[in-house]
Amino acid sequence: MSHRRISKSKAVLAGAGAVGVAAAAILLPNANASQSGTDDGARDGARQNTKTVSAASAPELVARLSSQLGEEYAGAYYDAQKKQVVVNVAEAGGGDGGESAARVRDAGAVARSVQHSMGELRSATGTLSRDATIPGTAWAVDPRTNQILVTADTTVTGERWDTLESTVRSLGNGVARIQKSAGEFKPFLEGGDAIFGGGARCSMGFNVTTQDGTPGFLTAGHCGVAAEQWSEDQNGAPVGTVQAATFPGDGDFALLTYDDPATEAPSEVDVGDGRTVTIGQAGEAAVGLEVIRMGSTTGLADGSVTGLGATVNYAEGSVSGLIQTNVCAEPGDSGGPLFTADGTAIGLTSGGSGDCTSGGETFFQPVSTTLAAVGAEIGSP
């Protein structure tokens with residue numbers, strides 16, 4: 001007998017009130033799409049040959065232009081309000097008159113002249129990794145300000161704060177800035193669907209088909225290294241076994257296969273009250289992309305992507321290659337799915353600081369990277 005592994009509707013809708021899924025494809029109030037750091041060059045460019053771009057196609061356009069511009073590419077972000085892609089161009093001729101800027105505008109994006117190249121910013125993150133890998137810190141490139149945004153949680157004090165501050169100063173004027181987090185960075189290990197293993201609670205991410213055609217699912221790597229077998233109920237019979245797990249290091253992801261190979265594992269996310277959202281494909285994140293997270297503790301929450309390629313220094317170790325967002329999450333949401341309103345899988349909840357009352361920063365493992373690493377595909381077998 002096959003089993004349908006969909007949530008038992010334990011989660012509730014997050015926020016001030018319940019928002020009907022059918023009313024807006026799923027839950028997506030106006031996410032915060034701050035435009036801090038934009039300039040007149042970007043606004044002028046927006047009036048020249050610029051076309052509207054869907055959130056789903058923005059990452060593809062960014063990837064194409066980053067490849068074409070080479071060293072002059074300095075990051076990009078998606079303006080959700082205007083439905084435009086803004087591309088930073090670092091070149092001697094300026095972002096409005098240079099050949100690279102013209103190529104950006106010809107592609108239908110907004111060209112914006114900036115000071116720091118992506119090479120400079122990546123070199124600076126290397127310095128941070130070498131000199132300031134301090135538990136409780138994180139950093140990612142912020143294309144809106146053309147800087148590295150360094151975040152320190154409440155545990156970074158005294159000599160550790162002095163080390164972080166001096167390292168940031170050593171990068172040069174305006175290359176990076178520090179912000180303080182109100183909470184403590186930690187993996188959200190505890191509790192779409194709740195899964196239990198080894199005394200820990202996490203959330204199921206996305207159902208997948210493995211290389212040999214058997215059904216499985218993704219979750220956070222720090223969940224996968226905490227226990228080998230996971231159940232749908234606390235102290236219940238195992239339903240899935242870990243086949244691969246990475247944490248800490250180059251990611252935070254795990255692949256589990258269902259113990260019953262006849263399990264029916266639909267490509268859906270349970271969003272509560274018996275409702276599901278079909279997940280049709282995996283996609284890439286882009287800064288400014290509006291996203292939705294589901295977790296077994298806090299239910300649905302939404303926001304936007306604020307950084308890519310983020311490094312987070314948890315107490316358990318450093319994790320790189322993550323997506324940074326302003327979407328709230330709490331313990332128990334680990335491994336839960338991050339997706340878009342059109343049903344594109346984007347990430348898996350890793351950790352962060354804050355909660356769904358005060359907000360905070362939350363980091364996600366990219367789904368595309370995970371699928372490539374474990375050799376699986378989104379969807380049912």
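Three strands, in the order β1-β2-β3, make up an open sheet with mixed pairing. Bear in mind that this is a predicted model.

- Going from one strand to the next, the twist averages 25°.
- β1 and strand β2 (residues 84–89) run antiparallel and are joined by 5 bridges.
- If you want one of the pairs to click on, take Tyr73, whose bridge partner in β2 is Val89.
- Helix α2 (residues 58–69) lies across β1 and β2, and its direction is at about 20° to β2.
- As a reminder, strands in a sheet pair through backbone hydrogen bonds, and they can do that parallel or antiparallel.

**Disulfide Cys202–Cys223**

- The sulfur atoms of Cys202 and Cys223 sit 2.0 Å apart and form a disulfide.
- This pair links distant parts of the chain, 21 residues apart: Cys202 belongs to strand β9 (residues 200–203), and Cys223 to helix α6 (residues 221–224).
- The link of Cys202 and Cys223 is left-handed, with -95° about the S-S bond.
- Both Cys202 and Cys223 are buried.

**Disulfide Cys328–Cys356**

- Cys328 is joined to Cys356 by a disulfide, with 2.1 Å from S to S.
- Here the link is right-handed, at 95° about the S-S bond of Cys328 and Cys356.
- Cys328 is in the loop between β20 (317–325) and β21 (337–339), while Cys356 is in the loop between β22 (344–352) and β23 (362–366), so this pair ties together parts 28 residues apart in sequence.
- Cys328 has a relative accessible area of 15%, which means it counts as buried, since the cut-off is under 20%.
- Number the bonded cysteines of the protein chain in sequence order and the pairing reads 1-2, 3-4.

**Around Met204**

- Met204 is found in the loop between β9 and β10 (207–209).
- Met204 and Asp333 are 129 residues apart in sequence, yet their C-alpha atoms are 8.8 Å apart in space.

Key
Residues numbered from 1 in each chain as written. Predicted model: local features only at pLDDT ≥ 70, side-chain atom pairs only at ≥ 80, totals over all residues. Heavy atoms only, no water. Disulfide = S-S within 2.5 Å. Helix = DSSP H or I, 4+ residues; strand = E, 2+ residues; numbered from the N terminus. Buried < 20%, exposed > 50% of the residue type's maximum accessible area, 1.4 Å probe, protein only. Pairing = 2+ DSSP bridges. Axes fitted to C-alpha atoms, helices over the stretch in contact; angles between N-to-C directions. Contact = heavy atoms within 4.5 Å.
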